[in-house]
Amino acid sequence: EIRFTYNPYTYPPGAGDVNLLHVSQDPATNNITYSPKVYELVKGSTGLSGSFEVDLHDPNGPRTVLFNETASRLQHKLNEMKTVGYVYVYKFEYPNGKSGGWGA
């Protein structure tokens, strides 16, 4: 059994869909070819991408935020708005760094 739990070019790294494997196998030592069965148990999820706008009626307009914005950059974008007091931003992997698509 093979399980794919990490897809390095998706975000989070456990997201995405991996194509079915195409397996070829030589005959066994008894000269019989046992064809492996390949099937998908669970369809992969769609990873995150893109951006969105935060509009808090600041005189300078909305801010564009990338889906994977760093906590410090998002904090800076919010704090530069005149309609927002000073905020602190923390970024967590939910529900934790080992599940929810973040790792095995």
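The model is predicted, so local features need pLDDT of at least 70, side-chain atom pairs count only at pLDDT 80 or more, and totals for chains, interfaces and linings use all residues. Residues are numbered from 1 along each chain as its sequence is written, and side-chain values use heavy atoms, with hydrogens and water left out.

**First stop: two rings.** Select Y86 and Y88, which form an aromatic pair (ring centres within 6.5 Å).

**Second stop: the residues by a pocket.** Now select Y11, F67, N68, E69 and K91, which lie nearest the centre of the second largest pocket. Its lining has 17 residues, each with an atom within 4 Å of a point of the pocket on a 1 Å grid; a pocket is an open set of points where a 1.4 Å probe fits, with protein on both sides within 12 Å along at least five of seven lines.

**Last stop: E69.** Zoom in on E69, which is buried (under 20%), with a relative accessible area of 13%. Which side chain does E69 join through a polar contact? Look for K77, at 3.0 Å; such a contact pairs N or O atoms within 3.5 Å, one able to donate a hydrogen and the other to accept it, and residues adjacent in sequence count only if both atoms are side-chain atoms. The E69 side chain also reaches the backbone nitrogen of L66 at 2.9 Å.

Note on methods: Rings of Phe, Tyr and Trp (its six-membered ring) pair if their centres lie within 6.5 Å; planes under 30 degrees apart count as stacked, over 60 as edge-to-face and the rest as tilted. Buried means under 20% relative accessible area, exposed over 50%, partly exposed in between (1.4 Å probe, protein chains only).
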